[in-house]
Amino acid sequence: MSADEKTIAIVGAGQAGGWAAQTLRSEGFGGRIVLIGDEAHRPYERPPLSKSVLAGEALPEMTRLQKPEAFDALELDWRPLASATRIDRAAKQLHLANGDVVGYDKLILCTGGRARRLGIPGAELPGVFTLRNLDDAAALGAALVPGRRLLIVGGGWIGLEVAATARRKGLDVTVVEAMQRLCERTVPPEISAYLLRLHASNGVLVELGMGIERLAQTQGGAGLIATLVDGRTLACDAVLAGIGLVPNDELAREAGLQCEGGVMVDSQCLTSDPDILAAGDVAVWHCERAGRRMRLESWQNAQEQGIAAARSALGIAVNHQPLPWFWSDQYGINLQIFGMPAPEHLAVVRGDMQGDSFVVFFLDAGKVVAALGPNAARDLRFARRLIERGTTVDAGQLADLQVPLSKI
Ligand SMILES: Cc1cc2nc3c(=O)[nH]c(=O)nc-3n(C[C@H](O)[C@H](O)[C@H](O)COP(=O)(O)OP(=O)(O)OC[C@H]3O[C@@H](n4cnc5c(N)ncnc54)[C@H](O)[C@@H]3O)c2cc1C
């Protein structure tokens, strides 16, 4: 069979799926590409959903991965509002909820994840939101009315970005976080402390080490009452659960593919079935830089792994080992993270941590392995080069603002 007669199916029309489809064409694949997505929308980027789209400053159309004409030019067999329910690996067929059956030569799973729901009484009441897709952003956005009270459960990235957007829109915001610091799983204590200061100075009430036990409607039904684990009650008009992501790996698990908190892939994006690949938030792979298996929930990884999976499906050699990069925008501040900081690394601060622009470098045996900080895009570009080159550096010079990073 010639390549032009082959079918590559992609499940999940999000960022990784959209990039995979585009890459198949840009690499010259002339066969059939079936793109199956359970949302109504063409592939789009999610970062604006907690920022400009939620604030009402950008239209949902502005999040599209491709302009409509570019998307049409890909000549995909595009199946919106279609959910893949089963993979028949022996027959190499994909079954959809609408009864359709799609045969494939290669299958790329880009199913991402869904927002974790609060497992407490009242979690499904009206006024309780999660944020993962455009429809969620529209629903939450409508509830962000100036003067109202928003309770955010979870002091991670989504929770904090929504807190910043809600404050800008004039809401009273309380963040309840179960851990002892903000974004504890992803940033070192220096940055958690910075985030706490940033939100406190913008009028957000942050409760650390605090959980929520139940939610109930007020007597009139217009508002909600949250009961915290210490027994206190908090009245609010809306609740956002920002408590993480559950990978959509059921399709793969039920097909007997190796899964461990996501679909396991190698650096060629191959699952335990050589004709099935996976990319994006759903994929678990061994990150050499972190020295462990992980899922990377980031815009950059979804794009790069989606591209890598498409190339790999075409038989092109790939080695997906990106330098992890993540950013967050809150109150006009842009925070970026390169690499994977770990507690055993030596932290070196450049700049004033009480200000709004500084960098924290993380050194392992004299080499910069990670760097992060707010409003420091230029310094972080240099930091990225130091990480990529594996240069041995002098910690004193890194910390010395008189020494330009370009000279290190
Ligand atoms: C609100 C928000 C803000 C973010 N901000 C940032 C940021 O500032 N910086 C950053 O680096 N990252 C950010 N991210 C993370 C980034 O957007 C994700 O890492 C990225 O979208 C992952 O892409 P993906 O293609 O793997 O998954 P997704 O984009 O989630 O796409 C998966 C798609 O597959 C569909 N699907 C699932 N199962 C099936 C099925 N069985 N059949 C058919 N379709 C299915 C889903 O509905 C979805 O449309 C943010 C994410 C969110 C939600």
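**Briefing: strands, a helix and cysteines in a predicted model**

In strand 26, alanine 370 is the bridge partner of phenylalanine 362. This is a predicted model, in which local features need pLDDT of at least 70 and side-chain atom pairs count only at pLDDT 80 or more, while totals for chains, interfaces and linings use all residues. Residues are numbered from 1 along each chain as its sequence is written, and side-chain values use heavy atoms, with hydrogens and water left out. Helices (H or I, at least four residues) and strands (E, at least two) are DSSP runs, numbered from the N terminus.

**Strand 26 and its partners**

- Strand 25 (residues 358-364) pairs with strand 26 in the antiparallel sense over five bridges; two strands count as paired if DSSP finds at least two bridges between them.
- Strand 26 (residues 367-374) is largely enclosed by the rest of the structure, because six of its eight residues are buried; buried means under 20% relative accessible area, exposed over 50%, and partly exposed in between (1.4 Å probe, protein chains only).

**The open sheet 4-5-6**

- Three strands form an open sheet in the order 4-5-6, with antiparallel pairing.
- Strand 4 (84-88) and strand 6 (101-103) are the edge strands, each pairing on one side only.
- Strand 5 (residues 93-96) and strand 6 pair over three bridges in the antiparallel sense, and histidine 95 has valine 101 in strand 6 as its bridge partner.

**Helix 5**

- Helix 5 (residues 157-168) has 12 residues and reaches 17 Å from its first C-alpha to its last, close to the 16 Å expected at 1.5 Å a residue; the expected span is 1.5 Å times one less than the number of residues.
- Nine of the 12 residues of helix 5 are buried, so the helix is largely enclosed by the rest of the structure.
- Among these buried residues are Trp157, Leu160, Glu161 and Val162.
- Glycine 170, which follows helix 5, has a positive phi near 90 degrees.

**Cysteines**

- The structure holds zero disulfides, a disulfide being a pair of cysteine sulfur atoms within 2.5 Å.
- Cysteine 259 is in no disulfide, and its nearest cysteine sulfur, that of cysteine 110, is 14 Å away.
- Cysteine 269 is likewise in no disulfide, the nearest cysteine sulfur being that of cysteine 110 at 9.1 Å.
- Cysteine 269 is buried, with a relative accessible area of 0%.
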